[in-house]
Amino acid sequence: MTAQRSLLRTFQRRSFPWAAPTCPTTIEPEPAEGTLGVDYDTSWSRRYPARLARAALLDWVSAPAVRLLAPQRIRGLDRIEMLSGPAIFAPNHVSHFDTVILLTSLPDHVRHRTVVAAGADYFFDKRWKAHLWSLTTAAIPIERTKVNRASADLAASLLAEGWSLIIYPEGGRSPDGWAQPFRGGAAYLSRRTGAPVVPVYLEGTREVLPKNARGLRHAATQVVFGTPISNVTGEDARRFSERIEQAVAELADETATDWWVARRRARAGSTPSLRGPDASPWRRRWELESRIGVPKRRDK
Amino acid sequence: MPRPGFVLEVDRSTPPTLFWYGERFRLERLPTGSRVIYAPEPHAPLADPDAAIASALDNPLGDSPPLSGLLRPGMRLTIAFDDVSLPLPPMKSPDVRGQVIEAVLDRAAAAGVDDVVLIAALALHRRMTDAELRHALGPRVYDAFAPHGFLTQHDAEDPDGIVHIGETDQGEDVELNRRAAESDLIVYVNINLVAMDGGHKSVATGLASYNSLRHHHNPATMVHSRSFMDQHRSELHSSNWRMGRLIAASGIKIFQIETTLNTNTFPEQFGFLQKREWEWTMKDRAGFLAASKALQHTPPKVARSIFHSIRAPHAMTSVQAGEVEAVHAVTTENVYAQQMVAVSGQTDILTMGLPYISPYNVNSIMNPILVACLGLGYFFNLYRGKPLVRQGGVVILSHPTPWAFHPVHHPSYIDFFEQVLSQTTDPVAMSTTFEESYARDPWYIHLYRTSNAYHGVHPFYMWYWCAHALDHLGQVIVVGGEPRAVRRLGFKPASTLADALEMASDTVGRDPSITHLHAPPLLLADVT
């Protein structure tokens, strides 16, 4: 008991150095060193001890949990079998659960050597969050609100080192389930490094973990990998980005209909847009649910 | 861009201040209105030290030709270098001495010089161990010279190894190491950790005999050195300069090489020791708590060995070579640039936390005499202009001051503490009554020459280093010191800083100004 009381007293001491120091009023505090956000150093999470821990977590915890909670149907793996080097996976983004679903759907040799581009302002704003996401998903910080050379340099250097990258071209989760315009990040990195872009369509994850939800729900999910595409000569990043968005839209169409219908619509230029109809919010919602065939219900 | 040093005025928001306490630390809350002097942050190291050394050797300062122009086949070349007392703590490999000496030897080899001897310029310090020599010089130099007897250590008591050069116009005997004096060229390799180091003091002190050293290592000289860090107001330096000029006039050629280090003093795990307390990160606080809690329960011997295994990440910031005085002028400016902190006005009470190491207890015990020397001889003298503490003020030291001595390194210190300090703490009285007998004692001389002992007279010199402070101060208090040992030194023991401040009020009144010297890392207060 004495030892316990001593331990308790130790943790109850809240003065310096147990607690953080206060700053003399005559001193203007130095700006905090950039150790969070885009400046957070994630290199530790790509060393073998962290990779081993992450592999164990993904294979022995996340994958079985996903199978129970959100059994996924994975299609198109044959399209990425021929990949011999790193690739940029560019999925649509509707839920935080997307990353878990996608990581557990990737082939083993790719999964354990893939990093995830994550918003520096959201996932790396606190130290514990930065540590957590770096360890569990190999997340790297990406500046979403402005162009940041450090973010791009880090992603490019990792691709050059043989790491694949998951980057959500929309830059954030969809607010209503329809896709947002694809930004140029994935296209830029592909042009810069020569790594092909694998379009990926994710479905059902919004039912598992909608935006702003507090808990997980059971729902079936689908992961569809498309044929890797590369930048063609003379194509700028904006055009390439549009092509990536089109490829994901074709995968969505393929999921809603079948491959043959989707191919014919693609050839005819009539693939339904990922962004949904230009209509009022309730109609967009109505259209979304009728399209992907999920039961209509209220989000809390 | 490293931040300059500065003076903090303590207010209610100021966190407790770190005080060194030997092999431990104390966090003390200084009264509101006290000042704390923080050292400048470490300057950037030289990007390419080898290129800088080569450039210095090939483009010397003053009227010296490039080193290669001074080397020729058949000549006698002596390379002298600073001993284990520099730098503090010992720097991590490679030591700059080894780097510089390799560059010198490269040129000597290219010039076909065969007769090369390396001499550790010990003066009256203890001989270095083989491991210390190997660390200072690097394995390539050590293995090339030591097995063949060409790596030697200066012996100030070798009757055949000392030569009398002459007398200065002040009647000071100049005696030097014979090998060095009879060489065609002496290359002296310095580490200028503080402004006091280097210049003519390198050869005139490092390679001298007792008969020569006694002319400037005495109470009168020390009292009139204000301070040792200001060459132009230091009688110690004036004497050495007279000797150096006599040496030059006698035809002895010296090619001086001086290096400066930054104040990156402690490795990363002890990073909190050189940071400002309010900037301690969680890692720093955890490091401090872990270290201080562990050290509270660590036997002193183990704690000592842990601390003495620290290798400082010092890095070279400049290297100069050529004629002694021209080189030293540039070096001193570089040291000042790294260490100088402007301080306005003196203080009634100066507090200092004394660390585990001084120049004379590397890999050894910090005995009470060295505690006094570090506090009153070195830290007190870290000023230019005026002393930090006013005439008649109080110095409060923080150190455990154990009654403990290293029997091999400091044999004469033991007797000095028992026999001399028990009778007098007056530097002048002890110099006239006791110094000669300790300096000429055959047993101490034997231990100095054959063992790893400091010379018999060395504890006197340590006490003389305190002479200026003892002459200047009204009282000296040691916080946390062993009372018997502290009283033997003539100081007053106090259990806590609050007690010490209360005791000091007898001398400086109830509302004194207080200044804390936040060192190490080393700084130099420019007091106006």
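Trainee: Hi! How are H8(A) and H9(A) oriented to each other, roughly parallel or oblique?
Mentor: Hello! They are oblique to each other, because an angle under 35 degrees would count as roughly parallel, 65 to 115 as roughly perpendicular and over 145 as roughly antiparallel. Keep in mind that this is a predicted model.

Trainee: And what is the angle between H8(A) and H9(A)?
Mentor: About 50°, with the axes 10 Å apart. Helix H8 of chain A covers residues 149–160, and helix H9 of chain A covers residues 185–193. Their crossing is right-handed.

Trainee: Nice. Which residues make that contact?
Mentor: From H8(A) you have Ala155(A), Ala156(A), Leu159(A) and Ala160(A). H9(A) brings Leu189(A), Arg192(A) and Thr193(A). By class, the contact of H8(A) with H9(A) has five nonpolar residues, one polar and one charged.

Trainee: Switching topic: how many residues does each chain put into the A–B contact?
Mentor: Chain A gives ten residues and chain B gives 15 residues. On the side of chain A that touches chain B, six are nonpolar, three polar and one charged.

Trainee: Now the sheet in chain B. What is the strand order?
Mentor: The order is S1-S4-S19-S14-S16-S17-S18 in chain B, an open sheet of seven strands with mixed pairing. Strand S1 (6–9) and strand S18 (492–494) of chain B are the edges, each pairing on one side only. On average, neighbouring strands of this sheet are turned by 25° against each other, direction ignored.

Trainee: In which sense do S17 and S18 of chain B pair?
Mentor: Parallel, over three bridges, with S17(B) spanning residues 475–479. Within S18(B), Ala494(B) is the bridge partner of Val479(B).

Trainee: Which strands does helix H14 of chain B touch?
Mentor: Helix H14 (residues 368–379) of chain B packs on the sheet and touches S14, S16, S17 and S19 of chain B. Its direction makes about 140° with that of S16(B). Helix H22 (residues 497–508) of chain B lies across S14, S16, S17 and S18 of chain B, running at about 175° to S17(B).

Trainee: Last one: what are the domains of chain B?
Mentor: The assignment gives domain 1 as 6–42 + 336–527 and domain 2 as 49–261. Their C-alpha centres lie 28 Å apart. The contact takes 32 residues from domain 1 of chain B and 28 residues from domain 2 of chain B.

Trainee: Which element gives the most on the domain 1 side?
Mentor: H19(B), with four residues. That side of domain 1, touching domain 2 of chain B, divides into 21 nonpolar, eight polar and three charged residues.

Technical notes: Residues numbered from 1 in each chain as written. Chains lettered and ligands numbered in written order. Predicted model: local features only at pLDDT ≥ 70, side-chain atom pairs only at ≥ 80, totals over all residues. Contact = placed C-beta atoms within 7 Å. Nonpolar A, V, L, I, M, F, W, Y, C, P; charged D, E, K, R; others polar. Pairing = 2+ DSSP bridges. Helix = DSSP H or I, 4+ residues; strand = E, 2+ residues; numbered from the N terminus. Axes fitted to C-alpha atoms, helices over the stretch in contact; angles between N-to-C directions. Domains from an automatic or database assignment. Left-handed = near helix turned anticlockwise from the far one by under 90°.
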